[in-house]
2 protein chains.
Amino acid sequence: MKEMSPTRRDQEIADVLDNIRRVFRVVHRYSKRAEKIGGLTGPQVWAMKVLAESAPIRVTDLARRMYLHPSTVVGILDRLEQHAQVTRTRSEKDHRVVTVSLTAKGRETVAKVPRIAQGLLLNGLKGLPESDLSTVSEGLRMLVGILGVEGMPPPLLLSPEVNVTGVNIGDP
Amino acid sequence: MKEMSPTRRDQEIADVLDNIRRVFRVVHRYSKRAEKIGGLTGPQVWAMKVLAESAPIRVTDLARRMYLHPSTVVGILDRLEQHAQVTRTRSEKDHRVVTVSLTAKGRETVAKVPRIAQGLLLNGLKGLPESDLSTVSEGLRMLVGILGVEGMPPPLLLSPEVNVTGVNIGDP
DNA sequence: TACAAATCATTTGTGTTAGAATCAACGAAG
DNA sequence: CTTCGTTGATTCTAACACAAATGATTTGTA
């Protein structure tokens, strides 16, 4: 690429940080208020989707998949349990372990989610020309590299189903 | 842009969403625990920096600059006031307005911050080859475009000083 | 002037997030 | 078998974050 004066480079870095800020705010807000399927919040729906995919699952594993601290997930599960969306079962083999599953009601809820969750980002990305998508993809890969979290957590499965899940997460 | 089967494309979109999630989490955590200058949290330091730049300022304007809800800022100001870092003054002209300023102690605190706040992201970006920086920049610009927030808020100044602030914002 | 609408800060209520400490239970070493 | 370290879930505390409602004040309008 062409040469760039230090000043212009600084400007570009400033722009990057500025844009990160913007994306974060939007994604963050979106995740806060969006969703609300059946009175559930973003993180709650997100947990439900992970459960739909791999229940029964231990609390710790659920936390890992959600990139969250176990104590955070406990709170989310408390609320979901109150709404009768999930159940907790103490494992027989290892009494330290608690297994989380969806209730019938929970499965209904999850079934209703996908189409509604067609978020801004997912639709936007879908409509992007291949070359632009590559640019976005590359750029983010580099950011992740900078932050040193490429392999972050168990990459989850990558089925189309999960893509949708990803969106909520975003805002996920 | 080589041709890409629908499946591969879906995969790439999934990756993008996954990476946004990762960057989001990392930056968020970073802003949460990092900083802690003089016992202050990330958002608190962030508010201090905005104040350093444009105090005295009204609560609403401070909130706008931080991309936060006013009620959130009230809490942050409560805590900063307890630590004697800022003061609140009811305006004479308009009795609805409260003006926030830094105390002497607050100015000292701010003076200590900048060098420590050379964050992961800023340093990482600085070390990036020009071509890679362009890719990151381009990709983010597209994301911002998708989200329709190009002009989002008063872009703040773009001095190096503010860039540092930008990092905190991330977590914002 | 009077009254309605808008503005500003705050309070209240709910939810998300993390770290530290706690408690039970498992597993391995002696 | 007993002790010791580890793991797993939870509780507690503290900070964010937002929406909705409140109360005080200003502004615009009839």
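**Exercise 1.** At what angle do helix H2 (residues 42-54) of chain B and H4(B) pack, and how far apart are their axes?

*Before you start.* This is a predicted model, where local features need pLDDT of at least 70, side-chain atom pairs count only at pLDDT 80 or more, and totals for chains, interfaces and linings use all residues. Residues are numbered from 1 along each chain as its sequence is written, while chains are lettered from A and ligands numbered from 1 in the order in which they are written.

*Solution.* 
- Step 1: the angle is about 85°, with the axes 10 Å apart. Axes are lines fitted to C-alpha atoms, for helices over the stretch in contact, and angles run from 0 to 180 degrees between N-to-C directions.
- Step 2: H2(B) and H4(B) are therefore roughly perpendicular (65 to 115 degrees).
- Step 3: B:Pro43, B:Gln44 and B:Ala47 of H2(B) meet B:Ile76, B:Arg79 and B:Leu80 of H4(B); contact means C-beta atoms, placed from the backbone, within 7 Å.

**Exercise 2.** Find the residues that surround DNA strand C and the element with the largest share of this surface.

*Solution.* 
- Step 1: Near means a C-beta atom, placed from the backbone, within 6 Å.
- Step 2: H4(A) gives the largest share, five residues. Helices are DSSP runs (H or I, at least four residues), numbered from the N terminus.

**Exercise 3.** Now do likewise for DNA strand D.

*Solution.* 
- Step 1: the largest share, five residues, comes from H4(B).

How values were computed
Helices (H or I, at least four residues) and strands (E, at least two) are DSSP runs, numbered from the N terminus. Angles under 35 degrees count as roughly parallel, over 145 as roughly antiparallel, 65 to 115 as roughly perpendicular and the rest as oblique. Two residues are in contact if their C-beta atoms, placed from the backbone, lie within 7 Å.
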